[in-house]
Amino acid sequence: MSDATLHSATQDPDDFAVQIADSIESFIVATTEVAKGDEPDSAVPFLLLEVSQLLLAGGRLGAHEDIVPEERYETDTGPDQDVDELRERFAVLLDPVDVFSEVFDPYEPRKAPVPCRISDNLADVVTDLRHGLAHYRAGRTTEALWWWQFSYFSNWGPTASATLRALQSLVSHVRLDQPLAELDGLDTDEDLPDDDLAEEAGRVMVEEIAGPLGLRKVRTAG
């Protein structure tokens, strides 16, 4: 969707709401394009860039004073758009590095890492962002900002942050020529303790995923 249809012609492009909406719209459009799989060689670096830029908008929302909606109850935006196809496309595109381990709250002691999927996370983030965008497109700017700020704290912020760490770690493994541990057998349907999670490390090496995922080939000793 172009800026001409996303924003009113009278809106100031320097306005906070316009900038946040632009960032969110850009992320949705860009990640949807990546999920099509037309350029798999650039998927991971591109996602790293897009999630990083989205979290800048999230940081601005987080640093902003509490946004209070004009109405006591949230206006119904209708059913959320289905993201199953997006989720499935990312799962195929990111295999075999879709599953990663994450600790949800670093300030809560003795929490075991849990298996997550980049594909699930991206689809969940898009769902939250689209919900707020429906308010914005309907002219309910304050309600859109309220939703994006609230869901940044409660869901899409932590989810996007976890995804960023996974993508950044993946790129670092390749750029630093470090082997990647395989998570064969580790799935999001399982609830594994720390020791079992650690034992899932296997034999997938960086050189096996660098090319297909758009990262440079590792150097070989010789």
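Lys-36 pairs with Glu-33 in a salt bridge whose closest N and O atoms are 2.8 Å apart; a salt bridge is assigned when a side-chain nitrogen of Lys or Arg lies within 4 Å of a carboxyl oxygen of Asp or Glu. Glu-33 is likewise partly exposed, its relative accessible area being 41%.

The model is predicted, with local features requiring pLDDT of at least 70 and side-chain atom pairs counted only at pLDDT 80 or more, whereas totals for chains, interfaces and linings use all residues. Residues are numbered from 1 along each chain as its sequence is written, and side-chain values use heavy atoms, with hydrogens and water left out.

Nine salt bridges are present in the structure. Side chains of opposite charge can pair when their charged atoms come close. One of these bridges joins Glu-85 to Arg-89, with 3.1 Å between the closest N and O atoms. Both residues belong to helix H4, where a spacing of four residues separates them by about one helical turn; helices (H or I, at least four residues) and strands (E, at least two) are DSSP runs numbered from the N terminus. Arg-89 is partly exposed, at a relative accessible area of 37%.

A further salt bridge connects Arg-165 with Glu-102, the closest N and O atoms being 2.2 Å apart. Because Arg-165 lies in helix H6 and Glu-102 in strand S1 (residues 99–102), this pair ties together parts that are 63 residues apart in sequence. Arg-165 is partly exposed at 44% relative accessibility, whereas Glu-102 is buried at 7%.

The largest nonpolar core comprises 49 residues, of which Phe-90, Leu-129, Tyr-136 and Trp-148 touch the most other members. Such a core is a set of buried Ala, Val, Leu, Ile, Met, Phe, Trp, Tyr and Cys residues joined through side-chain atoms within 4.5 Å. Two or more residues are given to this core by each of helices H2 (16–35), H3 (43–63), H4 (84–94), H5 (118–137) and H6 (141–175). The most is contributed by H6, with twelve residues. When neighbours within four places in sequence are left aside, Phe-90 is in contact (heavy atoms within 4.5 Å) with Thr-31, Val-34, Ala-35, Leu-47, Ser-119 and Leu-122.

How values were computed. Buried < 20%, exposed > 50% of the residue type's maximum accessible area, 1.4 Å probe, protein only.
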